[in-house]
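Visitor: I am new to this structure. Please take one part and go through it closely, starting with the pairing of its strands.

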Amino acid sequence: MAQALGVPLERLVKQLHTGESELLPRRLMSTDLRERFGWASSSTVSLYRRKGRLPAPDGRDGQRDWWWETTIDAWETEHELSWCRPCSHAFVTKVGLKEHRTRVHD
Ligand SMILES: [Zn+2]
């Protein structure tokens, strides 16, 4: 069963215990992206979207855009994100990380 779902067995067993399930694909909202990539400011997602750094949303729920988790997973795999470890903040460009380091950590 784990193989059929494409989920590692360990994770599936854990999910069976916690009641989570991967049978339904997850949708991520802007707030989920912010949490996942450490984007504290709400403007970060819209900024990255304006600059075309983020994939186009897979759908829209009222006023809120959303992405399949797999879309974001694929994007993250494709783009080498630059993480500032002390802040747990992901930058989509190396320049962005460098600027941040200079501004915040120097
Ligand atoms: Zn930092």
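Guide: Asp61 has Arg64 as its bridge partner in β3. Asp61 belongs to strand β2 (residues 59-61), which runs antiparallel to β3 and is joined to β3 by three bridges. Strands here are DSSP runs of E with at least two residues, helices are runs of H or I with at least four, and both are numbered from the N terminus. Two strands count as paired if DSSP finds at least two bridges between them. This is a predicted model, in which local features need pLDDT of at least 70 and side-chain atom pairs count only at pLDDT 80 or more, while totals for chains, interfaces and linings use all residues. Residues are numbered from 1 along each chain as its sequence is written.

β2 and β3 form a hairpin with two residues between the strands, and in this hairpin Gly62 takes a positive phi near 65°. Strand β3 (residues 64-68) also pairs with strand β1 (residues 27-29), again in the antiparallel sense and over three bridges. On that side, Arg27 has Trp68 as its bridge partner in β3.

As for the setting, the protein chain has six helices and five strands. Their order from the N terminus is α-α-β-α-α-β-β-α-β-β-α. Helix α6 (residues 94-105) is hardly covered: the count of buried residues among its 12 residues is zero.

Methods
Buried ≥ 20, exposed ≤ 12 C-beta atoms within 10 Å, placed from the backbone.
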